[in-house]
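Q: Hi, could you help me look through this structure? I'd like to go over it a piece at a time.
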Amino acid sequence: MSEQNNYELEQNGMDETESEPTRWQVEAEQNGERIDKLLSDALDGVSRTQIQQWIKDGHARVDGRNVKPNYKLSEGQVVDLAIPDPEPLDIAAENIPLDVVYEDGDVIVINKPRGLVVHPAPGHYSGTLVNALMHHCKDLSGINGVMRPGIVHRIDKDTSGLLMIAKNDQAHASLAEQLKEHSVTRKYVALVHGNLQHDHGTIDAPIGRDSYDRKLYTVTDKNSKHAVTHFAVLERFDGYTLVELKLETGRTHQIRVHLKFIGHPLVGDPSYGRSKGMTMDGQALHAQILGFTHPRTGDRLEFEAPIPEDMADLLHRLRNL
């Protein structure tokens, strides 16, 4: 009989919703904290430099007043941030091959290869999935701005697997709402270090930025967001385990951080993994199953992408040791 285990850590963060808030009230533990730090901790994917510029430009206020980026907050104060509209950016369409799993007039489902960045970012405007999509089709949702046309969710550069992309704003709004309501099926397959003690389990532990390295995330109860990952063991090897992971929430680096938290980091993970043992170019993590309700027809769609060759080769080696 399989065993069940839950890994839990209480959350004391500011926000548990899927979307970023525009208003925060300073908590007791944040007394004396700089406003630029509070906002950079709260906003995934936004650099502290960008936030400091927003503050200087008057987009962030404390109790209705403009302040400097180094302003130190007091308990009970209210911080408001009005993120400005992005500046127009000419993203070049590039003829990058795409593995299109499904496409109609509203959505596209792509099987993203490992190594492909999902969307452009400052200093990295070419060679991304968005550049490829701009060449593949001309009709993408504009809700997520010029940098991320059509992008409803994303997976890391070094993770392979399924992504859904919206071709119009109606589809984008529907898919985003499904993500928020946790009705999208997202299952991953991963190879991790060590042998998990339990066959099934839930990792319920909030995630926030690492205070020592702001590019990384960690399990913490400070300025964190609720995060839940369910796992089931698929196959065991000598010193390694193949697991299926189901996301209940979708935090940045969630799977990678949660697996490190329970002592079983992903094989090949350059940031959260181990330097010894089996390895590969990028983490052994694949978004294998994606299911959602079609935004126009209401039909339930589900897709599955086979494990990529590099990860399959690694499993073959383990099975033949």
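Q: How are α1 and α2 oriented to each other?
A: Keeping in mind that this is a predicted model, helix α1, residues 35–42, and helix α2, residues 48–56, pack at an angle of about 125 degrees, with their axes 9 Å apart. Angles over 145 degrees would count as roughly antiparallel and those from 65 to 115 as roughly perpendicular, and α1 and α2 are therefore oblique to each other.

Q: And is the crossing of α1 and α2 left-handed or right-handed?
A: The crossing of these two helices, α1 and α2, is right-handed.

Q: Which residues meet there, between α1 and α2?
A: From α1 the residues are I35, D36, K37, L39 and S40, and they meet R48, I51, Q52 and I55 in α2. Sorted by class, the residues of this contact between α1 and α2 are four nonpolar, two polar and three charged.

Q: OK, new topic: what volume does the second largest pocket have?
A: The second largest pocket has a volume of about 230 Å³. It is lined by 13 residues, and the closest to its centre are K37, R209, D210, S211 and K222.

Q: How does the lining of the second largest pocket divide by class?
A: The lining of the second largest pocket divides into seven charged residues, five polar and one nonpolar.

Q: What about cavities, how many of 30 Å³ or more are there?
A: The count comes to two cavities of 30 Å³ or more, and the second largest cavity holds about 40 Å³ of space.

Q: Which residues line the second largest cavity?
A: The lining of the second largest cavity is made up of H153, I155, L162, R186, K187, Y188, A287, I289 and L290, with β9 (185–193) and β15 (285–293) each supplying at least two residues. By class, this cavity lining has six nonpolar residues, one polar and two charged.

Methods
Residues numbered from 1 in each chain as written. Predicted model: local features only at pLDDT ≥ 70, side-chain atom pairs only at ≥ 80, totals over all residues. Heavy atoms only, no water. Axes fitted to C-alpha atoms, helices over the stretch in contact; angles between N-to-C directions. Helix = DSSP H or I, 4+ residues; strand = E, 2+ residues; numbered from the N terminus. Parallel < 35°, antiparallel > 145°, perpendicular 65-115°, else oblique. Left-handed = near helix turned anticlockwise from the far one by under 90°. Contact = heavy atoms within 4.5 Å. Nonpolar A, V, L, I, M, F, W, Y, C, P; charged D, E, K, R; others polar. 1 Å grid on protein atoms, 1.4 Å probe; cavity = no way out; pocket = protein on both sides within 12 Å on 5 of 7 lines; lining within 4 Å. Points joined across faces, edges and corners; volume = space filled by probe spheres on them.
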